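User: I am new to reading protein models. Can we go through this one in short questions and answers?

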Amino acid sequence: EVMKHLAALIVHAADLSNAADAWPVSRLWAQWCNAEFHAQGDHSRRFHPELPVADMFNRSKADVPRSQLEFIETFAAPTFTALSQVAPRTAAEGLQGCKVNAAICRAIMQRNKQCMLQRAMNVLGLGNLPRFL
């Protein structure tokens with residue numbers, strides 16, 4: 001029974017490992033997954049218009065960096081933390097990859113926020129954002 005749970009944990013970690021891969025690979029996986037989510041949302045909107053479409057499946061409302069950060073924090077990092085009990089070196093690599101990719105997602109979210117603020121400032125004719133933002 002223990003071996004069965006261990007095998008399940010290892011397979012689960014492998015399944016989620018794209019969140020811990022080097023950023024260029026992790027980013028591609030996130031884009032592919034989101035393309036699939038958006039296709040599902042498009043399908044739902046077309047064939048079941050009476051049902052709401054969750055934001056992550058809604059092409060016009062999706063926030064890929066936020067979704068990826070939530071995926072890392074909710075699923076990938078906790079899985080690698082659990083794996084650290086039986087495979088500490090492998091888990092440490094996974095956790096480090098999650099940490100780096102989460103930081104990149106946060107930086108992208110911050111940059112996107114600044115770009116949106118700057119666009120709003122431009123539309124309102126208020127010039128450039130102050131440097132401290």
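User: Is Phe-75 buried, partly exposed or exposed?

Analyst: This is a predicted model, where local features need pLDDT of at least 70, side-chain atom pairs count only at pLDDT 80 or more, and totals for chains, interfaces and linings use all residues. Residues are numbered from 1 along each chain as its sequence is written, and side-chain values use heavy atoms, with hydrogens and water left out. Buried means under 20% relative accessible area, exposed means over 50%, and partly exposed lies in between (1.4 Å probe, protein chains only). Phe-75 has a relative accessible area of 45%, so the residue is partly exposed.

User: Which helix holds both Phe-71 and Phe-75?

Analyst: Helices are DSSP runs of H or I with at least four residues, numbered from the N terminus. Phe-71 and Phe-75 sit four residues apart, about one turn of the helix. Phe-71 is partly exposed, at 23% relative accessible area. The helix that holds both is H3.

User: How many aromatic pairs does the structure hold?

Analyst: A pair of aromatic rings is described by the distance of the centres and the angle of the planes. Rings of Phe, Tyr and Trp (its six-membered ring) pair if their centres lie within 6.5 Å; planes under 30 degrees apart count as stacked, over 60 as edge-to-face and the rest as tilted. By that rule, the number of aromatic pairs is three.

User: What kind of pair do Trp-29 and Trp-32 form?

Analyst: Trp-29 and Trp-32 are three residues apart in helix H2 (residues 23–47), about one helical turn. Trp-29 is partly exposed at 40%, and Trp-32 is partly exposed at 49%. Their ring centres are 5.3 Å apart and their planes stand at 80°, so the pair is edge-to-face.

User: What kind of pair do the rings of Phe-71 and Phe-75 form?

Analyst: The ring centres of Phe-71 and Phe-75 are 5.9 Å apart. Their planes are at 45°, so the pair is tilted.

User: How many disulfides does the structure hold?

Analyst: A disulfide is a pair of cysteine sulfur atoms within 2.5 Å. For Cys-98, the nearest cysteine sulfur is that of Cys-105, 10 Å away. The sulfur of Cys-115 is 16 Å from its closest cysteine sulfur, also in Cys-105, which is too far for a bond. The number of disulfides is zero.

User: Are Cys-98 and Cys-115 buried or partly exposed?

Analyst: Cys-98 has a relative accessible area of 3%, so this cysteine is buried. Cys-115 has 34%, so that cysteine is partly exposed.

User: Which helix gives the largest share of the lining of the largest pocket?

Analyst: On a 1 Å grid over the protein atoms alone, a pocket is an open set of points where a 1.4 Å probe fits, with protein on both sides within 12 Å along at least five of seven lines; lining residues have an atom within 4 Å of a point. The largest pocket has a volume of about 280 Å³, meaning the space filled by probe spheres set on the points, which are joined across faces, edges and corners. Of its 13 lining residues, the closest to the centre are Cys-33, Phe-37, Ser-67, Gln-68 and Phe-71. The largest share, five residues, comes from H2.

User: Is His-38 buried or exposed?

Analyst: His-38 is found in helix H2. Contact means heavy atoms within 4.5 Å. Leaving out residues up to four places away in sequence, His-38 touches Met-56, Phe-57, Asn-58, Arg-59 and Ala-62. Its relative accessible area is 10%, so His-38 is buried.

User: How far apart in space are Asn-34 and Phe-57?

Analyst: Asn-34 lies in helix H2 and is buried, at 5% relative accessible area. Asn-34 and Phe-57 are 23 residues apart in sequence. In space, C-alpha to C-alpha, the distance is 7.7 Å.

User: Which residues does Gly-97 touch, not counting residues up to four places away in sequence?

Analyst: Gly-97 is found in helix H4. At 11% relative accessibility, Gly-97 counts as buried. The residues that Gly-97 touches, with those up to four places away in sequence not counted, are Ala-19 and Ala-20.

Terms used
Helix = DSSP H or I, 4+ residues; strand = E, 2+ residues; numbered from the N terminus.
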